[in-house]
Amino acid sequence: MMIGANAFSVRKLLGLLLYLLFVLLPIYWLVMMSFKTNEEILGQLTLWPAQFTFDNYVTIFTDPSWYMGYVNSMIYVVMNTLITLVVALPAAYAFSRYKFVGDKHLFFWLLSNRMAPPAVFLLPFFQLYSSVGLFDTHLAVALAHCLFSIPLAVWILEGFMSGVPKEIDETAYIDGYSFGHFFVKVFVPMIRSGIGVTAFFSFMFSWVELLLARTLTSVDAKPISAIMTRTVGAAGIDWGLLAAAGVLTIIPGILVIWFVRNHVAKGFALGRV
Amino acid sequence: MALQLFDLDLRIDQVDYLAKINLEFTPGAFNVLLGRTLAGKTSLMRVIAGLEQPSNGKVMLHGKDITALPVQKRNVSMVYQQFINYPHMTVWENIASPLKLNRVKPDEIKRRVEQTAELLQISPYLQRLPLELSGGQQQRCAMARALVKDAQIILFDEPLVNLDYKLRESLRIELKQITQQRDSIVIYSTTEAHEALALGGQTTLLHEGKVLQSGPALEQFHYPVDLNAADLYHEPPLNRLAVGKALVCAEHINLSGLAGDKLLANGDSIIAVRPDQVSLHPLDKESMQIEADIDLAEISASETYLHVSFDYREFGRLNWVLHLNGIHTFSNQKKLSLFVPISKLFVFDPQGKALRVPSQVNHDIEGVV
């Protein structure tokens, strides 16, 4: 019996390991490529860089046309996350606490915004931002991304807020809190897991979104994802450099997940993610 | 000097929650609101606290109209049925929060928080978060927050419902003692008659948003104004029987004991008896006798609730519940005789207004409340 159970768990372990290998292989390949030279990448199949090189990374960190891509992306992603939270927190509070005409329809309509592919909004955004002088600014991309991140944020936050009994609000008023004071000092700390989850989703959406970010920028606010798609030079594709840029693009996501991992785990359990 | 409510109505989305409430609560007295769920106890408290604006009427505190005063400025405190504390603050911070908001000096806050925690026996837990406490301690924390500021009005909305029986008993006694030392207006709501009787304060009976009766609990127990008021004091409710001018005796129901009663001769009325006043043995006194079928016997520690039923005239099958002392088993028995002493009968008119209550019967056969 014992042996059977062991054999089963070994099989299970083997299966999981194979799966893990399969999932992680592309990332491993990307990381290895980033330390190889283009000759090696195009020449032969090697599991480990034969000529280990940091040149690709050096290029990225020294060439402004590369590293400014990261800076630009970072700026509009952070802007988007902040705007999303500032707008979605009061909106979600209204949906969770008040009844008003058409509240349910409005709530669903908000969510339905996410059902359209970003490409649908490409032309109107481009036209609008060009005419008001927002084209090629960080704010343009941040605002465009808000169209998608705010509905999701409202939806997630509403779930968390509805989990807080209304009596807490009332107790706070009875204790003497004004609404604003209560919201900042009592309510927001209570749903911080939800805010963590929301920030995470807005951040990730904005970070990986390519189409809007590429179309609404040209030089000054050009994001890294757009730069990566335009690296076909006269000498062909610079594989090693692209791989290094890819690795650097994954890192912020890993960092964000690391910081909010507890909140996200709690958020997945509590809210409506 | 008191809290007075004048013609208070509360109507939300076409539903009446409170109708024409006129009440006065005095400081020092322990005011109890007794009513079933949805009777309007919580609504009334919310209006008093200022969490709900009445559709009509006035709320006056010490002669001043506070109807439009926002909740933050009313100087009330409230304890809910659920354990409501700020989950991200420690017990200490929870209790201190109303004081901090009132800009009390730090050393004064410290003194009062510690004093209140001592009073409610939660001193050892001051540095914990509320969710790390047991239910009873969480509710004590909520009570401490309500008591720490010198609120003019303290509202307890069924605060002990979610606690176990033992804890309820002890907290109830403590609560009464604690609040007696203050000159705040204390209002306590409950669904349970024995709680109202044990607290023994000025009791207001609420039913479907209306005040049925107001006065000392014991007096209400003996002299309910109507059937609803009487039912509030009995769990299970009164066993009732509608009788007409011509008392119909059937094979299994002998009402002959009632025949000489002038009150019943006047017209249709409802007679009712407390669940614990029905006897299973023949009585010397004048009584009515009913042959009933046994449906179920629920036995708790030292008492038995016996569910019986019988057919009666056009009313069909009537279900009565008897509250018997001691453990009775009726395993092989299907039928039994019930004896109801005439002197223990309530008499109500068809609208439910009390015409006679049992304790008066002996002294005053014509007694009208």
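**View 1. Strands β3 and β9 side by side in chain B.** Strand β3 (residues 30–34) of chain B and β9(B) run parallel to one another and are joined by four bridges. One of the residue pairs to look for is B:V32 with its bridge partner B:T203 in β9(B). Helices (H or I, at least four residues) and strands (E, at least two) are DSSP runs, numbered from the N terminus, and two strands pair if DSSP finds at least two bridges between them. What you see here is a predicted model, in which local features need pLDDT of at least 70, side-chain atom pairs count only at pLDDT 80 or more, and totals for chains, interfaces and linings use all residues. To find your way around, note that residues are numbered from 1 along each chain as its sequence is written, while chains are lettered from A and ligands numbered from 1 in the order in which they are written.

**View 2. The largest nonpolar core, seen around B:L155.** This core has 154 residues, and B:L155 and B:F346 are those with the most contacts inside it. A nonpolar core is a set of buried Ala, Val, Leu, Ile, Met, Phe, Trp, Tyr and Cys residues joined through C-beta atoms within 7 Å. Helix α7 (residues 138–162) of chain A gives the most to this core, with 16 residues. The core also draws at least three residues from each of domain 1 (3–225) and domain 2 (228–356) of chain B. Not counting residues up to four places away in sequence, B:L155 touches B:M45, B:I48, B:A49, B:V76, B:M78 and B:I187. Two residues are in contact if their C-beta atoms, placed from the backbone, lie within 7 Å.

**View 3. Where the two domains of chain B touch.** The bounds of domain 1 (3–225) and domain 2 (228–356) of chain B come from an automatic or database domain assignment. Eleven residues of domain 1 of chain B are in contact with eight residues of domain 2 of chain B. On the domain 1 side, two or more residues come from each of β9 (202–207), β10 (210–216) and α7 (217–222) of chain B. That side divides into seven nonpolar, four polar and no charged residues. Here Ala, Val, Leu, Ile, Met, Phe, Trp, Tyr, Cys and Pro count as nonpolar, Asp, Glu, Lys and Arg as charged, and the others, Gly among them, as polar. The C-alpha centres of the two domains lie 38 Å apart.

**View 4. Chain A meets chain B.** In this view, 14 residues of chain A are in contact with 17 residues of chain B. Both α8 (166–175) and α9 (179–190) of chain A supply at least two residues of the side that touches chain B. With seven residues, α8(A) gives the most to that side. By class, this side of chain A has eight nonpolar, three polar and three charged residues.

**View 5. Backbone details in chain B.** The peptide bond from B:E235 to B:P236 is cis, with omega near -5 degrees, and B:P236 is found in the loop between α8 (227–232) and β11 (239–243) of chain B. B:D7, in strand β1 (residues 3–12) of chain B, has a positive phi of about 45 degrees although it is not a glycine. B:D7 counts as exposed because it has 12 C-beta neighbours inside 10 Å. A residue is buried if 20 or more other C-beta atoms lie within 10 Å of its own, exposed if 12 or fewer, and partly exposed in between, with C-beta atoms placed from the backbone.

**View 6. A:W207 and its surroundings.** A:W207 sits in helix α10 (residues 192–208) of chain A, and counts as buried because it has 22 C-beta neighbours inside 10 Å. Leaving aside neighbours within four places in sequence, A:W207 is in contact with A:S73, A:V77, A:P252 and A:G253.
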